[in-house]
Every structure is written in C-alpha cells, then in structure tokens.
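Let's take a walk through this structure together. Keep the 3D view open and follow along as we go.

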Amino acid sequence: MAWPLDLPGTPTGSRHDFQWILRQSLRHRTIRLLSGMPVQAIDFRLGPYHIDGAGFHAVAMAITTYHISVQGKDNIPGREAWGAYADQIDTIGIPTVTQISHPTWLEAVLVHESVHALIDLKGPRGGARSQNEAAAYIATALYLLSFDFPAPKGAILDTALKIADPLKAGMTVDKASEMRLRTVVATNMDIDVDEPSSDDGVRRQPQVTDFLS
C-alpha cells in the first residue's frame with residue numbers, strides 16, 4: 001500500500017469493509033495533509049485566484065464535514081490524469097495505488113486536486129479552466145519543491161516548477177509566466193486557453209454512504 005490504514009482501530013461488522021476503511025484512511029490523510037505546515041505555507045496569487053493556507057484549511061473543514069468527498073478511484077479519465085476533482089459532485093478522486101507508488105507524490109496529487117476544490121469552494125467565479133489548472137500545478141510544484149522531491153517528467157509540471165521555484169510567500173505569478181503556463185496547460189490538456197472554469201460552488205450534503213460500506 002502507498003499509505004497506511006491509519007484509522008484508530010479497525011471497525012468490525014459487515015458494513016465496515018476494507019473499502020470503507022480505505023476511504024476513511026485517505027480522507028483522514030488528506031485532512032492532515034492540508035492542515036500541515038508544508039501546505040499551510042503555500043501562498044500565492046495567479047489571475048483571480050489566491051491560493052493560501054486559509055483556503056486549504058477551509059477545504060480540510062469541508063472534507064471533515066463530508067461536504068467534499070475524497071475517494072479512491074480506478075481509471076481516472078483524461079491525459080496525464082493522476083487524480084481528478086469532480087466539481088459537479090464535489091469529490092476528489094485519486095486512482096489506484098499501483099499508479100501512485102510514492103507517498104510524497106500521492107500527497108502532491110492531493111494538494112493539486114485540493115486547489116480545484118478550494119476554487120470550487122471559495123471562488124471567485126469567472127476564471128478560465130487553464131487558470132484553475134495553472135494554479136493547481138503551481139501549488140503542486142511548491143509542495144514538491146519544499147521536499148526537494150524529483151517530480152515525474154511532464155511539460156506542464158516542468159513549466160510550473162520553473163515558475164514556482166523563485167516564488168516567495170504572498171507573491172503574484174506575473175502575467176507572462178501565467179500565460180506561458182496556461183498555454184502549456186491548454187496544449188497538453190487539449191482545451192481552449194480561455195475556456196471557462198466549471199467550478200459551480202460546493203453544495204454536497206453528507207450521504208449515508210459516507211458512513212456505511
């Protein structure tokens with residue numbers, strides 16, 4: 001396993017199966033990750049978005065109350081799709097552990113998808129999808145740089161790492177760098193650079209299936 005089954009104790013009974021334990025473990029790990037120092041230290045602006053510790057804390061609280069769900073998913077669709085955030089159902093999806101074998105990279109993917117959740121939760125509305133993705137990649141890069149972790153090769157992340165490396169807390173990504181990253185995002189994700197972001201606000205209510213297998 002790429003992460004421990006670290007719930008306190010193991011539930012018993014037919015409704016508490018392995019998949020329920022796995023979901024809860026991933027959910028608890030995400031809450032701790034977003035509340036930890038490396039993520040709380042992330043603070044930058046890109047286009048209309050301000051990505052910072054307060055925003056990540058808000059996402060952690062929404063996960064705590066099940067208004068945002070975190071689930072392990074097989075066969076996440078999309079090019080280079082390590083994870084996904086489905087804003088229509090307010091759910092962070094992470095593929096199988098066979099696809100993400102290193103804990104630090106798993107956490108970086110969770111940070112990335114949590115930026116999408118943050119924008120969905122707090123806004124502002126009206127940004128472009130390429131800006132939303134660019135902000136998520138900058139946050140991913142900052143997290144990896146904090147550990148000096150060798151990131152997987154890829155045009156988007158390579159560009160994000162070069163932009164993120166000199167960023168200091170509270171800084172704004174300059175317009176030229178933003179557009180360079182957005183262009184790489186649009187090219188590699190096969191989207192229009194000005195395509196609107198689909199974030200629509202977090203409206204999920206806790207479900208019975210959050211607590212039962």
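Which residue in strand 5 does alanine 86 stand opposite? It's threonine 91. Before we go on, keep in mind that this is a predicted model.

Now zoom out to the strands around that pair. Strand 4 and strand 5 (residues 91–94) run antiparallel, and three bridges join them. They belong to an open sheet of three strands, arranged in the order 3-5-4 with mixed pairing. Strand 3 (69–72) and strand 4 (84–86) each have a single partner strand, so they stand at the edges, and one side of each has no neighbour in the sheet. If you ignore direction, neighbouring strands here are turned by 25° against each other on average. Look for helix 4 (residues 103–122) as well: this helix packs on the sheet and touches strand 4 and strand 5. The direction of helix 4 makes about 160° with that of strand 5.

Next, some helix-on-helix packing. Two packed helices are described by the angle between their axes and the distance between the axes. For helix 6 (residues 155–164) and helix 7 (residues 175–189), the angle is about 170° and the axes are 9 Å apart. That angle is over 145°, the cut-off for this label, so helix 6 is roughly antiparallel to helix 7. Where they meet, helix 6 brings residues including Ile156 and Ile163, while helix 7 brings Leu181 and Val184, among others. Sorted by class, this contact has eight nonpolar, three polar and one charged residues.

One last stop: find tyrosine 66. Arginine 27 lies over the face of its ring, at 3.9 Å from the ring centre.

Methods: Residues are numbered from 1 along each chain as its sequence is written. This is a predicted model: local features need pLDDT of at least 70, side-chain atom pairs count only at pLDDT 80 or more; totals for chains, interfaces and linings use all residues. Side-chain values use heavy atoms; hydrogens and water are left out. Axes are lines fitted to C-alpha atoms, for helices over the stretch in contact, and angles run from 0 to 180 degrees between N-to-C directions. Helices (H or I, at least four residues) and strands (E, at least two) are DSSP runs, numbered from the N terminus. Angles under 35 degrees count as roughly parallel, over 145 as roughly antiparallel, 65 to 115 as roughly perpendicular and the rest as oblique. Contact means heavy atoms within 4.5 Å. Ala, Val, Leu, Ile, Met, Phe, Trp, Tyr, Cys and Pro count as nonpolar, Asp, Glu, Lys and Arg as charged, and the others, Gly among them, as polar. A charge sits over a ring if NZ of Lys or CZ of Arg is within 6 Å of the ring centre and within 35 degrees of the ring normal. Two strands pair if DSSP finds at least two bridges between them.
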